[in-house]
Amino acid sequence: MFSDLLDLVTGSPWTYGLIAAVAAFDALFPFVPSEATVITAGVLAGLGELSIAFVIATGAAGALIGDTTAYVVGRVSGNRFECRLARSPRVSRRLDWAGSALARRGGLIIFAARFIPGGRTAVTVTAGLTRMRAPVFVAYAALAAIAWASYAALLGYFGGRTFEERPGLALAVGFGLAVAVAVVIESVRRLRRA
């Protein structure tokens, strides 16, 4: 049964499109498992079923498309949000703070947020809301997407190579690592907030 599923997933050129789509949707809907998807695809590349270069490229392209879409959503809906936010001085101050933080350390914030589930959505939409210059945003988002996809895919790839004789275990370890990384990042984020 596992080998039938593996053949179905890896036997289609649409697999790379699926990787890109999941990575793109994750930028808008943080519950979509993009890390797990790219790590799993990396495992399959380690087993020789997919191309690691294409896994990284499609993961990064999907992440960049998703981040840019979230930025555009913030940019386009900014006027409507600003009218609503102007009613609340507290929210208005927070938005001003976010805008000035992005102006000072935008690249670092965008890069770091790519690795934080949910954080990437908040940062990319806020970058659009605060009217961060599009070329600057896209440049940093592209660097972050490439680094993120490389990290996730190579983590799975080397795990897949290590467990070459036991692909089920490799997939389980890859998925477990993805969950562990997400939990650690979320825990650190909550500790910093507290």
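Which hand does the crossing of α2 and α4 have? I looked this up in the predicted model and found the crossing to be right-handed.

**Entry 1: α2 and α4.** I recorded an angle of about 30 degrees between helix α2 (residues 14-28) and helix α4 (residues 52-76), with the axes 7 Å apart. Angles under 35 degrees count as roughly parallel, and α2 and α4 are therefore roughly parallel to each other. I then listed the contact residues: α2 contributes Tyr-16, Ile-19, Ala-20, Ala-23, Ala-24, Ala-27 and Leu-28, while the α4 side includes Phe-54, Val-55, Gly-59, Gly-62 and Asp-67. By class, I noted 12 nonpolar, 5 polar and 1 charged residues in this contact.

**Entry 2: α3 and α4.** I found that the axes of α3 and α4 cross at roughly 165 degrees and come within 9 Å. That angle makes α3 roughly antiparallel to α4. This crossing is right-handed. Here Val-38, Ala-41, Gly-42 and Ala-45 of α3 meet Ile-52, Val-55 and Gly-59 of α4.

**Entry 3: nonpolar cores.** I next examined the largest nonpolar core, which has 21 residues. Ile-19, Val-38, Leu-50, Val-55 and Trp-148 touch the most other members. At least two residues of this core come from each of α2, α3 (34-46), α4 and α8 (134-162).

Definitions and conventions: Residues are numbered from 1 along each chain as its sequence is written. This is a predicted model: local features need pLDDT of at least 70, side-chain atom pairs count only at pLDDT 80 or more; totals for chains, interfaces and linings use all residues. Side-chain values use heavy atoms; hydrogens and water are left out. Axes are lines fitted to C-alpha atoms, for helices over the stretch in contact, and angles run from 0 to 180 degrees between N-to-C directions. Helices (H or I, at least four residues) and strands (E, at least two) are DSSP runs, numbered from the N terminus. Angles under 35 degrees count as roughly parallel, over 145 as roughly antiparallel, 65 to 115 as roughly perpendicular and the rest as oblique. A crossing is left-handed if the near helix is turned anticlockwise from the far one by less than a right angle, and right-handed if clockwise. Contact means heavy atoms within 4.5 Å. Ala, Val, Leu, Ile, Met, Phe, Trp, Tyr, Cys and Pro count as nonpolar, Asp, Glu, Lys and Arg as charged, and the others, Gly among them, as polar. A nonpolar core is a set of buried Ala, Val, Leu, Ile, Met, Phe, Trp, Tyr and Cys residues joined through side-chain atoms within 4.5 Å. Buried means under 20% relative accessible area, exposed over 50%, partly exposed in between (1.4 Å probe, protein chains only).
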